[in-house]
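Work through the exercises below with the sequence and the coordinates at hand, and compare each step with the solution that follows it.

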Amino acid sequence: MRAVVLGLLALLCVAPPAAAGYRIETVAEGLMHPWSIAFLPDGRALVTERPGRLRLLEPDAAGRLVLRETPVPGVPGVLARGQAGLFDVAIDPRFATTGRVYLSYAHGTPTANHLRVAHARLGPDGLAELTPVLTTQPAKSHTQHFGGRMAWQADDTLVVGVGDGNLVRTDALRLHTHLGKHLRIDRDGGIPPDNPFATRTGARPEIYSIGHRNPQGLVRVGGLLYAHEHGARGGDELNRIDAGANYGWPITTDGVDYTGARITPYTRWPGVTPPLLHWTPSIAPAGLTWYDGALFPHWRSSLFVAALVERGVRRVPMKGGRPGAQEVLFTELGERIRDVRAGPDGALYLLTDSMQGRVLRIVPDASAAPPSPPR
C-alpha cells in the first residue's frame with residue numbers, strides 16, 4: 001500500500017505540459033532498434049543498433065547530420081537475442097589523440113553470456129585495433145538485464161552499469177559477481193586503486209556500487225554521477241551513485257513482481273541508499289542526459305529521462321541535488337524512446353525504439369513564444 005501511495009504522489013508531482021515551444025525534426029530513419037547516440041568532436045555522431053551495427057551521421061554541405069548508408073566496418077560480433085545486442089557507445093575523452101570509441105555489448109552464447117566493453121580506433125576504413133577491456137563475470141544463462149550504459153568520470157575512469165541477469169536477484173548484493181552493479185575501470189581496463197572494494201578479499205575489484213536491478217541510464221553532472229534503473233512492476237529508480245553505496249535491490253524496492261507477488265516487504269532499510277525518486281507505475285527508463293544548453297533556457301539544469309513504456313521523455317529539474325516537479329514531453333510521438341542526449345549544438349536528440357527506429361532532433365519552434373517553466 002505504501003508503494004502505491006508513493007507512486008500516486010510521484011504522479012501528482014508531474015507538472016502539466018507547457019505550450020510546446022519546440023519542433024521535432026527527423027535526422028535519420030530506418031534504423032533497427034537504435035540504442036545509443038554519441039557525438040564526436042568533429043561534428044559527426046555515432047549510433048548503435050541493437051542487432052550489432054554501428055552507424056555514422058555526418059554533416060552535409062548545409063551542416064545537417066545525414067546517415068551514411070553503409071554501417072561502420074569492424075564492429076565486434078555480438079550476441080543479439082532477446083534483450084542482448086550492441087548497447088552503448090562512448091567517446092574517449094582523449095579522442096583527438098587516440099581516436100578511440102568504446103562499445104558495450106552482449107558477448108558469448110545464449111546460455112553463457114557476459115556484458116563486454118571494448119575500445120577500438122575509429123578511422124576512415126571503420127574500426128581497428130579492437131581491444132576488450134572488461135568482460136563481466138561469471139557468465140549468465142539468460143539474455144536479459146545486461147545494463148550496458150557507460151559514463152566517463154572527471155579523472156578519465158569509465159563507469160559501466162550492469163544488470164542483475166534476472167535469475168538470482170540477490171547476486172546484486174554479492175561481491176563475488178559483477179551482476180547488479182556499477183563497475184569502474186580505467187581507460188585500458190585496469191582497476192583504479194581507490195575503487196571501494198579493490199582490496200577486499202573475495203570481491204570483484206571493479207565494483208563501484210551494488211544493489212541494482214537493470215540500470216540503463218548513466219550521466220555525470222559535475223562531480224556527481226546519476227543513474228536510473230528499471231524496477232519490476234513499478235519501482236523504477238533515479239539514484240545518485242556514490243562509491244561503495246548499496247542501492248538495495250532486491251531487499252528494498254517500491255515495485256512488485258510481474259505476477260503481482262511481493263518481492264520484499266521493505267521499501268527502505270538501514271544502510272541502503274534510498275532513491276532520489278521512483279516511478280510507480282513503471283515508465284521503463286532507458287537513456288539519461290543532462291541538459292544545460294542555450295537553445296532551451298527553461299530546460300537548463302535538468303535531467304532528461306527517456307521512457308519506453310510511457311512513450312515520452314521526463315524532464316527532471318534538479319536543484320541542490322534534489323529533483324523538482326517533473327514534466328512529461330514528446331508523448332505526441334507515440335513511440336518508445338530508447339535514448340535521449342544533449343547535442344553539442346544545444347538541441348536534444350532522441351532515439352525511437354523499433355525495427356524502423358529514428359534519430360530525432362528537438363529544436364526551438366521559432367513561430368512559438370518560449371514556454372514558461374512549470375510552477
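**Exercise 1: a cavity lining**

Sort the residues that line the largest cavity into nonpolar, polar and charged.

Solution. The lining divides into 4 nonpolar, 4 polar and 3 charged residues, where Ala, Val, Leu, Ile, Met, Phe, Trp, Tyr, Cys and Pro count as nonpolar, Asp, Glu, Lys and Arg as charged, and the others, Gly among them, as polar. The model is a predicted one, in which local features need pLDDT of at least 70 and side-chain atom pairs pLDDT 80 or more, while totals for chains, interfaces and linings use all residues. Residues are numbered from 1 along each chain as its sequence is written, and side-chain values use heavy atoms, without hydrogens or water. Among the lining residues are Glu237, Tyr247, Asp254, Arg268 and Pro275; a lining residue has an atom within 4 Å of a cavity point, a cavity being a set of points on a 1 Å grid over the protein atoms alone where a 1.4 Å probe fits but cannot get out.

**Exercise 2: the surroundings of Leu175**

Decide whether Leu175 is buried or exposed, and find which residues it touches.

Solution. Leu175 has a relative accessible area of 17% and is therefore buried (under 20%, with exposed over 50% and partly exposed in between, for a 1.4 Å probe and protein chains only). Leaving aside residues up to four places away in sequence, Leu175 touches Phe197, Arg200, Gly202, Ala203, Arg204, Ile207 and Ile210, contact meaning heavy atoms within 4.5 Å. By contrast, Val316 lies 141 residues from Leu175 in sequence and 32 Å away in space, C-alpha to C-alpha.

How values were computed:
On a 1 Å grid over the protein atoms alone, a cavity is a set of points where a 1.4 Å probe fits but cannot get out, and a pocket is an open set with protein on both sides within 12 Å along at least five of seven lines; lining residues have an atom within 4 Å of a point.
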